[in-house]
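Subject: Structure handover

Dear colleague,

Please find the sequence and the structure below, followed by my notes on what was found in them.

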Amino acid sequence: MRVGILGLGAIGAVHAAAWAETEAEFVGGFDPVPENAQAIAAKYGGRAYPDIESLLEDVDIVDICTPTHLHHPQVLQAAAAGKHIVCEKPLARTLEQGREMVAACNAAGVRLLVAHVVRFFPEYRRAKDAVDAGMIGEPAVIRLQRDVFQPRKAAGNWFVDFGKSGGMMLDLMIHDFDYARWVAGEVKTVFAKSIGTSGMEAGVDHGLAILTHHNGAISHIEGSWAYPPPTFRTKFEIAGSQGLIVHDSDATAPIQVFRHQQDEDSAEVPVPASPLLESPYTAEIRAFHRAIVEDSPVPVSAADGLAALQIALAAMESAQTGKPVTLEPLPEVGA
Amino acid sequence: MKIGILSFAHLHAEAYAHNLKALPGVELLGIADEDRARGEHFAGVYETRLFPSCEALLEANPDGVIVCSENARHRPLVELSAQAGVPVMCEKPLATTLEDAQAMMEACERAGVILMTAFPMRFSAPLLEVKTLLDQGGLGRVYACNTVNQGQMPKRYRDWFVDKELAGGGSVMDHTVHLADVLRWYLNSEVVEVYGQTNLIIHREAVDVETGGLVMLTFANGTFATIDCSWSRPLNYPTWGGLALDLIGERGVVSVDAFRQNLTAYDNRAEHPVYLPWGSDADGAMLTEFVSAIREERAPRVTGYDGYKALEIALAVYRSAELGEPVRL
């Protein structure tokens, strides 16, 4: 299988490193900033492509790591070219786009894998397995918290452009919307409040959401771009009828460094890291690669990506209107 | 100064009795309890006098009383104390209905006696430190708050804690009022909208009140805040629960945990590790304030009105949960 990456910013580079760990043949990638693609080719082989079309000609799988608003046209283009697709989360900028993308991939007979990488983080995976094994009984009250700094970019910071990214609730909180649904099942209603998160280079972006699941469980989701760099803090707890599972990334950080000089070289875009022998991104890409090669199911389907998108958009709508939003069942999800 | 305790229905009466005995210049006058056996037991434990009735205790000229009856039974004891002209500190929640809370406030106002609501978090050293920081503008404008006051299901302490009539509800009534009060105090603003979702999954075989609850408050100044009031701490959790807030503001974020100052102790003979708290005692500071307010004939730092406003919020959570919609206050 030949694979190429579309979009070689922060996540594209992480995915390139992950593909290099698989048996797939990495052909390189395309980025509107040629230096980005050249740097990746120099490091992982392959070449810098001059455009999307030439990249698509050379691959079986295209991994789309571009800004959110580009996912829709690029996925449609790749599907039309008959390529399997890995698409960074969120699946799309709107639900209509997402549904069209899923339908197009189905019609073209290509796989569409949505990179909800949190499902591959071992602490989240371990908790999900423990819940599935019945360790805490039936999930009742779930709390998921993800606190980071606002992504920075030297130029073209699409993260803080609401039209492109959808803001923090769509870009960041969607991780935990997906996880809440994975652990506690389909979501019935969403009520949320937020500050900032409509772009405008706002200094603060913060959101709080309460989800009600069909089975009666309730979830509290916090997402934040209100912390100073280099904060990347995640916490969760899952309280159930028989027990409680708690995680705190600060409390489980195995290394603490105290330097006299403050580093000012923290990343542009927050990426979580706890030392592991295999990066969760690599685990994700391996699983996706295997699923495509073997034509087998993956831990996160296109329908899952669509469902997470629906919850995030509902949270944004609720924060906008001040009203709870009831989710319509998605035929694609079969719920 | 002589202070009496009316009823030992609430387990906090035990902490108050213990604290009162340690306060300089304060004497535990005695206790009254409608449950004769319980009254005799605690009179023995705290080596104090058991009065045959609340009336009898009030006739013995206390300088103040603490009401620790079941939540729904605060009103008659507060009214009795007000009629006797005795200042009152009442356990939280102030009452289980706004009518009762209003009547209690009016009775004390008519009699010209203090009505204090027992909100110990106003006297927590970590929380006070953050109040100072906020008042000094250390966080700038506060945009959002993520707060938790989770605990163990309290049935093992007293059966009435999970009795809908006597307690007024479950975890929402038990836990929402503390953070509702802290947030009003921190933000100097009143709640204008309340949204709540509750469930009964945890301990559903043992109780028929809600054990899970998530609340979203919106304040007049625009700040929004969530409260997790769930009884979601398992029975073998190292402590009863906790109370903590993350405040997200213009200048950054402050996290404060009222109960983090603990040692963790492991004991071969125990089923689970336990916390040994070493922080300052907020209950003691709260009683000191009650006694000082009586001495100085002034309003206490947390009043019956504060208790009323917190109750109003908790009751709105139930209304919202039933409607599935936010409710305006």
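To begin with the arrangement inside chain A, the C-alpha centres of domain 1 of chain A and domain 2 of chain A lie 24 Å apart. Domain 1 of chain A covers 2-116, and domain 2 of chain A covers 118-270 + 301-326; these bounds come from an automatic or database domain assignment. The contact between them takes 17 residues from domain 1 of chain A and 24 residues from domain 2 of chain A, where two residues are in contact if their C-beta atoms, placed from the backbone, lie within 7 Å. On the side of domain 1 of chain A that touches domain 2 of chain A, the elements that give two or more residues are helix H4 (68-80), helix H5 (95-108) and strand E6 (112-115) of chain A; helices (H or I, at least four residues) and strands (E, at least two) are DSSP runs, numbered from the N terminus. H5(A) provides the largest share of that side, with five residues. By class, that side of domain 1 of chain A has ten nonpolar, four polar and three charged residues, with Ala, Val, Leu, Ile, Met, Phe, Trp, Tyr, Cys and Pro counted as nonpolar, Asp, Glu, Lys and Arg as charged, and the others, Gly among them, as polar.

Before going further, please keep in mind that this is a predicted model, in which local features need pLDDT of at least 70, side-chain atom pairs count only at pLDDT 80 or more, and totals for chains, interfaces and linings use all residues. Residues are numbered from 1 along each chain as its sequence is written, while chains are lettered from A and ligands numbered from 1 in the order in which they are written. The model scores ipTM 0.90 and pTM 0.93. For chain B the mean pLDDT is 97, and 100% of its residues reach 70 or more, pLDDT being the predictor's confidence in each residue, from 0 to 100.

Turning to the two chains together, 26 residues of chain B are in contact with 27 residues of chain A. On the side of chain B that touches chain A, at least two residues each are supplied by strand E7 (142-148), strand E8 (191-199), strand E9 (212-219), strand E10 (224-228) and strand E12 (252-257) of chain B. E9(B) gives the most to that side, with four residues, and the residues of that side of chain B divide into eleven nonpolar, ten polar and five charged.

These strands of chain B also belong to an open sheet of seven strands, in the order E12-E11-E7-E10-E9-E8-E15 and with mixed pairing; two strands pair if DSSP finds at least two bridges between them. The edge strands, each of which pairs on one side only, are E12 and strand E15 (327-328) of chain B. Within the sheet, E7(B) and strand E11 (residues 244-249) of chain B pair in the antiparallel sense over six bridges, and B:Val148 has B:Ala244 in E11(B) as its bridge partner. Helix H8 (residues 171-187) of chain B lies across E7, E8, E9, E10 and E11 of chain B and runs at about 25° to E9(B), whereas helix H10 (residues 304-323) of chain B packs on the sheet by touching E8, E9 and E15 of chain B, its direction making about 60° with that of E8(B). For these angles, axes are lines fitted to C-alpha atoms, for helices over the stretch in contact, and angles run from 0 to 180 degrees between N-to-C directions.

Some single residues may also be worth a look. B:Met89, in strand E5 (residues 88-91) of chain B, is buried, because 29 other C-beta atoms lie within 10 Å; a residue is buried if 20 or more other C-beta atoms lie within 10 Å of its own, exposed if 12 or fewer, and partly exposed in between, with C-beta atoms placed from the backbone. Leaving aside its neighbours within four places in sequence, B:Met89 is in contact with B:Gly64, B:Ile66, B:Met116, B:Ala118 and B:Phe290. B:Asn188, in the loop between H8 and E8 of chain B, has a phi near 50°, a positive value in a residue other than glycine, and is exposed, with 11 other C-beta atoms within 10 Å.

In chain A, a cis peptide bond with omega of about -15° joins A:Lys89 and A:Pro90.

Best wishes
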